[in-house]
Amino acid sequence: FDTGSLAGKRVVITAGPTREALDPVRYISNHSSGKMGYALAEAAREAGATTVLISGPTHLPSPERVTLLPVVSAEEMYAASLQALPDCDVFIATAAVADYRPDQAAAQKIKKGERDTLVIELVKNPDIVAAMAAHTPKPFTVGFAAETERVIDYARDKLERKQLDLVVANDVSRSDIGFNSDENAVTLVWPQREENLSRRSKHQLARDLVERIARQLA
Ligand code: C5P
């Protein structure tokens with residue numbers, strides 16, 4: 001692992017889940033732990049990069065010598081990403097962003113009524129990584145794809161649709177790795193090829209990913 005391979009570079013990483021408020025006390029979210037993004041932030045900093053970590057709510061300690069920007073909702077994560085974008089060389093999106101949010105969070109706690117059903121209308125959140133990849137000058141943009149079937153097909157579709165430079169694909173139907181686990185096994189989907197990284201700790205995987213990204217920038 002080359003500790004100088006990202007010297008002088010600026011790396012921005014999104015991590016963790018987002019929370020979409022329903023009312024002042026309730027939200028929609030997911031089980032993302034943030035571990036992969038935090039491990040990547042540490043690896044990028046070890047490689048010499050100026051590192052910004054935009055994180056949804058997690059239980060992880062903030063990595064040392066990394067600028068941590070805490071956010072809650074997808075819209076906040078989007079705004080923080082846009083702000084961090086100038087001079088960004090590498091943008092890595094590990095966050096499990098909620099695809100939809102309640103149209104408008106209720107100002108007061110939603111009360112239980114007589115009716116047995118409650119309908120809440122959801123609206124689409126901005127696609128953060130696609131927006132970053134569409135920016136000029138374009139940072140080297142990396143997305144993650146968690147799939148339960150046709151993993152490579154869907155990852156390659158994401159690469160093309162969102163104009164990414166690399167997609168890190170993993171099979172979340174396997175319970176031994178991925179979400180919330182300390183280990184992961186992934187396939188790197190590059191524009192012209194695929195590369196398997198067998199099961200290893202997220203810490204090691206982060207270093208291996210950073211190494212490959214640095215090689216692409218060089
Ligand atoms: O489209 P899908 O959510 O499967 O794509 C996953 C990738 O896109 C991840 O890298 C995730 O961080 C990113 N993403 C994003 N903003 C969204 C949805 C996904 O940056 N609103």
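A backbone N or O atom of phenylalanine 144 lies 2.8 Å from an oxygen atom of the ligand. That pair is a polar contact, meaning two N or O atoms within 3.5 Å; within protein, one must be able to donate a hydrogen and the other to accept it, and residues adjacent in sequence count only if both atoms are side-chain atoms. This is a predicted model, where local features need pLDDT of at least 70, side-chain atom pairs count only at pLDDT 80 or more, and totals for chains, interfaces and linings use all residues. Residues are numbered from 1 along each chain as its sequence is written, and side-chain values use heavy atoms, without hydrogens and water.

| Residue | Atom in the residue | Distance to a ligand oxygen |
|---|---|---|
| Phenylalanine 144 | backbone N or O | 2.8 Å |
| Lysine 158 | side-chain N or O | 2.6 Å |
| Lysine 162 | polar side-chain atom | 2.9 Å |

On its own, the ligand has 450 Å² of accessible area, and the protein covers 83% of it. Such areas come from the Shrake-Rupley method with a 1.4 Å probe; for residues, only the protein chains shown count as cover.

Which residues surround the ligand? They are Ala93, Ala95, Val97, Asp99, Pro126, Asp127, Ile128, Val129, Gly143, Phe144, Lys158 and Lys162. Helices (H or I, at least four residues) and strands (E, at least two) are DSSP runs, numbered from the N terminus.

Now to the loops. Aspartate 165 is in the loop between helix H4 (151-161) and strand E10 (166-171). Is aspartate 165 buried or exposed? It counts as buried because its relative accessibility is 19%. Buried means under 20% relative accessible area, exposed over 50%, and partly exposed in between (1.4 Å probe, protein chains only). The side chain of aspartate 165 reaches the backbone nitrogen of threonine 141 at 2.7 Å.

Glutamine 163 also lies in the loop between H4 and E10. Its phi is positive, about 60 degrees, although it is not a glycine. Arginine 150, in the loop between E9 and H4, has a positive phi too, near 40 degrees. Arginine 150 counts as exposed, because its relative accessibility is 51%.

Proline 137 sits in the loop between H3 and E9. The peptide bond from threonine 136 to proline 137 is cis, with omega near -5 degrees.

Terms used:
A residue is near a molecule or strand if one of its heavy atoms lies within 4 Å of it.
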